[in-house]
Amino acid sequence: MDDWMISTLILFLPLLIVYLLVKYIKLKGRVESRARDLHEAWQTKDGPSGFR
């Protein structure tokens, strides 16, 4: 590997990690809120018709 490739990797790796972490946290939060909505709809029994 060339020196510029190594320095580019060292520069972009933390950025990639931060980006993936933010994406994962956002996705996790969205899934949890969706699951909570479905749970509340299921408890009240007047939620989406597909879950009866």
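Author: Lys28 and Glu32 both belong to helix α1, where they stand 4 residues apart, about one turn of the helix (helices are DSSP runs of H or I, at least four residues, and strands runs of E, at least two, numbered from the N terminus). The model is predicted, so that local features need pLDDT of at least 70 and side-chain atom pairs pLDDT 80 or more, while totals for chains, interfaces and linings use all residues. Numbering starts from 1 along each chain as its sequence is written, and side-chain values rest on heavy atoms, with hydrogens and water left out.

The side chains of Lys28 and Glu32 meet in a salt bridge, at 3.1 Å from N to O (a side-chain nitrogen of Lys or Arg within 4 Å of a carboxyl oxygen of Asp or Glu). The structure holds 1 salt bridge. Lys28 counts as partly exposed because its relative accessible area is 39% (buried is under 20%, exposed over 50%, partly exposed in between, with a 1.4 Å probe and protein chains only). Glu32 is also partly exposed, with a relative accessibility of 39%.

Ser33 has its place in helix α1 as well. A polar atom of the Ser33 side chain lies 2.9 Å from the backbone oxygen of Arg30. At a relative accessibility of 29%, Ser33 is partly exposed.

Elsewhere in the helix, Leu13 is found within α1, which covers residues 3-44. Leu13 is partly exposed because its relative accessible area comes to 48%. At Phe12, α1 bends by about 30°, and the proline Pro14 follows within four residues (the bend is the angle between axes fitted to the seven residues ending there and the seven starting there).

How does the span of α1 agree with its 42 residues at 1.5 Å a residue? The helix should span 62 Å, and its end C-alpha atoms are 62 Å apart, so the two values agree (the expected span is 1.5 Å times one less than the number of residues).

For the chain as a whole, the secondary structure comes to 1 helix and 0 strands. Of its 52 residues, 2% are buried.

Note on methods
A polar contact is a pair of N or O atoms within 3.5 Å; within protein, one must be able to donate a hydrogen and the other to accept it, and residues adjacent in sequence count only if both atoms are side-chain atoms.
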